[in-house]
Amino acid sequence: GSSVYAESGAISVDPNVVVGVNIQRLDADKAGTLILNAQVAAEFNRPRRTAARNFSISKPTPTPDVRGLVAAISDAVGELADGIAALLQP
């Protein structure tokens, strides 16, 4: 029941919530584990409130090549998106 618009896009609406995401790390460590560290902040307009959370997500790369890294990134970003969705719940 929600619509998502980029802040810099051509569509302008009165948002109920504005979400900011700061990706601090997105790479594999020496052991081949993908690390995603992010900060997320949400500012709600109705009713007025704020919420923030730090995310630290680790995913093993299934293979040691680029394909494995991309698969791990996809999994980690999906988990981040799920966490952001949970943060937006009342």
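## Close-up views of a predicted chain

View 1. Aspartate 27 has a relative accessible area of 35% and is partly exposed. The model shown here is predicted. Aspartate 27 sits in strand β1. Its salt-bridge partner is arginine 25. The closest N and O atoms of this pair lie 2.6 Å apart.

**View 2. Around aspartate 27.** Which residues does aspartate 27 contact, once neighbours within four places in sequence are set aside? The contacts are Thr33, Leu34 and Ile35.

**View 3. Glutamate 43 and arginine 48.** These two residues form a salt bridge. The closest N and O atoms are 2.8 Å apart. Arginine 48 reaches 59%. Arginine 48 therefore counts as exposed, as the class begins over 50%.

View 4. The side chains of lysine 59 and glutamate 79 meet in a salt bridge, with 2.8 Å from N to O. This pair links distant parts of the chain. Lysine 59 belongs to strand β3, residues 48–60. Glutamate 79 belongs to helix α1, residues 66–87. The partners are 20 residues apart. Glutamate 79 has 35% relative accessibility and so counts as partly exposed.

View 5. Alanine 6 lies in the segment before β1, which spans 17–28. Is alanine 6 buried or exposed? Alanine 6 is exposed, because its relative accessibility is 53% and the cut-off is over 50%. Alanine 6 and valine 18 are 12 residues apart in sequence. From C-alpha to C-alpha, they are 9.9 Å apart.

**View 6. The whole chain, for orientation.** The chain has 1 helix and 3 strands. Along the sequence the order is β-β-β-α. What box do the C-alpha atoms fill? Along the principal axes, the box is roughly 45 × 25 × 20 Å. The radius of gyration is 16 Å, whereas a compact globule of 90 residues would have one near 12 Å. Buried residues make up 20% of the 90 residues. Among contacts with a separation of 6 or more, 43% join residues 24 or more positions apart.

**View 7. Surface and charge.** The chain exposes about 6,400 Å². Carbon and sulfur atoms supply 53% of that area. The chain carries 8 positive and 9 negative charges. A search of the whole structure finds 3 salt bridges. One of them joins aspartate 27 to arginine 25. Another joins glutamate 43 to arginine 48. Lysine 59 and glutamate 79 also form one.

Key:
Residues are numbered from 1 along each chain as its sequence is written. This is a predicted model: local features need pLDDT of at least 70, side-chain atom pairs count only at pLDDT 80 or more; totals for chains, interfaces and linings use all residues. Side-chain values use heavy atoms; hydrogens and water are left out. Helices (H or I, at least four residues) and strands (E, at least two) are DSSP runs, numbered from the N terminus. The radius of gyration is taken over C-alpha atoms; the globule rule is 2.2 Å times the number of residues to the power 0.38. Buried means under 20% relative accessible area, exposed over 50%, partly exposed in between (1.4 Å probe, protein chains only). Contact means heavy atoms within 4.5 Å. Accessible areas come from the Shrake-Rupley method with a 1.4 Å probe; for residues, only the protein chains shown count as cover. Lys and Arg count as positive and Asp and Glu as negative; His and the chain ends are not counted. The place of a charge is taken as NZ of Lys, CZ of Arg, CG of Asp or CD of Glu. A salt bridge is a side-chain nitrogen of Lys or Arg within 4 Å of a carboxyl oxygen of Asp or Glu.
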